[in-house]
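Here are my notes on the two-chain model, as numbered points. Please read them beside the structure.

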Amino acid sequence: MEKEKLEQNQNQNEKPMSAFVKAIVTGVIGGLLWSFLGAVTHYFNFSSVSPATFLIRSWLQTKWSDGWLGELLAIIALGLISILIAILYYALLRKMKGIWPSIVFGVVLWFLVFYLLQPIFPNIKSMTKLTSDTVVTTVCLFILYGTFIGYSISYEYYDSIKQNEPKSKAET
Amino acid sequence: MGQLKEKVPVPNKVKEVQEYMKKRVGVGTSFDVGFREITIFKKKVHLYYLTGLCDTSVIVQIIKKLVSINDQERNTSKLPEVIENRLVHQQVDKVKNMDEVVDQLLSGLIVVFIDGDSEAYIIDVRKYPGRAPEEPDTEKVVRGSRDGFTENIIENTALTRRRIRDERLRNEILKVGERSKTDICISYIQDIADDGLIKVIKKELENIEIDGIAMADKTVEEFLVKQRFNPFPMVRYTERPDIAATHLFEGHVLIMVDTSPSMIITPTTYFHHVQHAQEYRQSPMIGSFVRWIRFIGILASVFLLPMWLLFVMEPTLLPSGLEFIGPNEQGNIPIFVQILLADIGVEFLRMAAIHTPTALSTAMGLIAAVLIGQIAIDVGLFSPEVILYVSISAIGSFATPSYELSMANKISRMLLVLITAMFGVEGLTVGFTLYILGLSHTKSLNTPFLWPFIPFNLNALVQILFRLSVPAMKDRPSIVHPRNNYRQP
């Protein structure tokens with residue numbers, strides 16, 4: 001009995017953190033997964049940009065940065081950056097229901113990166129000069145990334161609310 | 001139909017009963033409904049039965065006992081009580097209205113009327129024609145139980161009950177179908193399964209208004225999850241009692257429909273369709289390995305053909321080292337037409353293999369595989385690579401454990417091939433995105449279909465990517481909203 005109570009208490013202590021921690025985990029995995037897919041699309045020449053072209057080759061035009069090592073480092077870096085994006089989504093948009101807000105979020109993120117932040121990355125051509133293949137592929141990737149982050153976070157948020165409700169009722 | 005619902009009491013006189021039965025059930029017209037009159041102490045006793053669905057030896061015993069009342073009993077004043085006492089069976093029911101009598105009679109129970117008594121006695125002597133449990137064809141395992149559900153709902157509940165002797169396992173039965181009156185059973189473990197889900201399912205089942213559900217589980221599924229044009233399977237079926245029991249333990253709700261050996265497992269996600277009992281019968285390492293190979297197969301069945309088609313259309317996309325991909329010579333027919341034709345050919349084969357008797361199917365396989373493949377190349381219809389890639393993706397879809405999922409993936413693959421043929425790189429990426437978005441937008445009974453991938457859940461995804469050992473899986477999957485989260489109390 002005591003053990004059970006302890007476990008329950010621990011659960012309750014973790015509960016408010018849980019959705020937030022999950023958001024961070026989602027951010028890391030989402031960043032790793034979709035930037036890896038970005039590297040794959042670059043490998044198959046679907047798009048002329050890859051994680052490494054943004055994060056490393058903008059400043060470092062060495063030989064290794066063009067190979068798999070560059071991609072790997074860039075993917076890991078994106079996994080970390082993605083934590084910030086996930087926290088941002090959690091803080092601002094977690095109450096948005098359904099899949100559409102997160103798709104829009106992905107598109108907005110794409111504009112941010114390719115239009116507003118483009119001057120930071122000297123290696124990236126301006127939006128209008130990219131090939132249509134590159135544009136479509138990267139937009140798709142950003143949409144998928146946005147969905148992954150956004151939909152997961154909002155679902156987890158509502159799920160944690162739902163799960164807490166009946167329990168507290170049962171206990172009182 | 002509303003008028004029929006008015007309850008008719010059991011008449012006092014057996015003559016009236018006979019009249020009523022003649023009119024309503026067609027005794028005398030329908031040969032499978034019969035009745036037998038016996039006289040006990042100058043009172044008439046009528047016994048109605050359905051020829052096909054009851055156990056004659058039991059009925060004979062009962063009649064013997066009834067007739068022997070004439071020789072052994074003296075007290076004639078309390079005849080109904082005496083007769084009730086002599087109905088030698090454990091399941092005897094007294095009913096007062098004719099609707100219930102008719103319902104029960106047509107389910108295969110026998111009904112006894114006594115002249116002067118306004119109650120009928122119903123005795124459960126049912127014996128349905130059916131087969132013994134055997135291993136289901138679609139879910140074979142190398143090791144493990146060879147049990148399988150049958151068409152008999154009572155046997156099916158017994159098969160799960162044998163695995164779950166928990167007093168909290170609930171099997172609720174209800175009837176669906178105005179005319180067929182098919183039994184449907186909802187099974188769940190009371191303190192695990194989500195109340196809300198049970199309520200939703202019950203409500204949906206009660207709202208079914210149809211005269212009959214001869215196609216059993218499939219019809220019920222269509223009422224339960226409004227699928228419309230979505231080809232993906234919204235529920236998982238199983239014919240294996242061990243899988244059914246596992247899912248009950250996880251907090252799923254099972255729906256059993258009489259006359260079908262397939263149980264409906266709810267709620268279901270995409271990833272329920274890519275698991276197989278086989279994995280849990282081998283060591284975790286092997287199980288994970290098998291699962292990964294299967295994932296590769298499933299991925300290949302969807303994305304390999306459109307990818308390859310893209311590389312054929314635009315060889316410049318290929319990174320250095322992979323230039324050998326793509327046909328060496330230009331064929332006579334555009335590649336995407338070849339792909340679609342070959343895919344349709346595989347589909348022919350699959351359908352034919354289902355309908356052809358086993359004796360002929362070997363010959364058919366020979367003709368199809370050896371002759372059509374090679375000769376189609378020689379004639380110049382297909383290029384060899386088309387055959388290779390179409391075969392890989394066909395085998396990939398056969399490696400999908402769920403037949404329904406493999407069919408849905410086949411349709412997605414054809415659409416992806418078409419869109420790639422039309423728009424190239426953009427077609428494929430947009431198609432891929434739509435595939436993922438469409439799946440994650442789908443909900444089956446309020447459950448996101450692509451969970452735990454999107455929405456993401458790390459623990460659950462790890463359990464899908466790796467077949468963990470059972471002692472390591474301490475929590476129930478959160479998607480079923482279990483009321484009690486720990487598997488290991």
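1. S6(B) and strand S7 (residues 182-189) of chain B pair in the antiparallel sense over 8 bridges. Strands count as paired if DSSP finds at least two bridges between them. Within this pairing, B:Arg170 stands opposite B:Tyr188 in S7(B). Helices (H or I, at least four residues) and strands (E, at least two) are DSSP runs, numbered from the N terminus.

2. This is a predicted model: local features need pLDDT of at least 70, side-chain atom pairs count only at pLDDT 80 or more, and totals for chains, interfaces and linings use all residues. Residues are numbered from 1 along each chain as its sequence is written, chains are lettered from A and ligands numbered from 1 in the order in which they are written, and side-chain values use heavy atoms, with hydrogens and water left out.

3. S6 and S7 belong to an open sheet of 5 strands in chain B, ordered S6-S7-S9-S10-S8 with antiparallel pairing. Its edge strands are S6 (169-176) and S8 (236-238), each pairing on one side only. The twist averages 25° from one strand to the next.

4. Helix H6 (residues 153-163) of chain B lies across S6, S7, S9 (253-257) and S10 (263-266). H6(B) runs at about 150° to S9(B). Axes are lines fitted to C-alpha atoms, for helices over the stretch in contact; angles run from 0 to 180 degrees between N-to-C directions.

5. Another open sheet of chain B has 5 strands in the order S1-S2-S4-S5-S3, with antiparallel pairing. S1 (33-40) and S3 (92-95) of chain B stand at the edges with a single partner strand each, so one side of each lacks a neighbour in the sheet. Inside, S2 (residues 43-50) and S4 (residues 110-114) of chain B pair over 4 bridges. B:Tyr48 has B:Val111 in S4(B) as its bridge partner.

6. Now the interface. Chain A and chain B bury about 2,700 Å² between them, 70% of it on carbon and sulfur atoms. Buried area is the accessible area (1.4 Å probe) lost on putting two parts together, summed over both. In chain A, A:Phe44, A:Phe46 and A:Tyr155 lose the most area to chain B, together 21% of what that side buries.

7. The contact (heavy atoms within 4.5 Å) takes 29 residues from chain A and 33 residues from chain B. How many salt bridges (a side-chain nitrogen of Lys or Arg within 4 Å of a carboxyl oxygen of Asp or Glu) link chain A and chain B? The count is 0.
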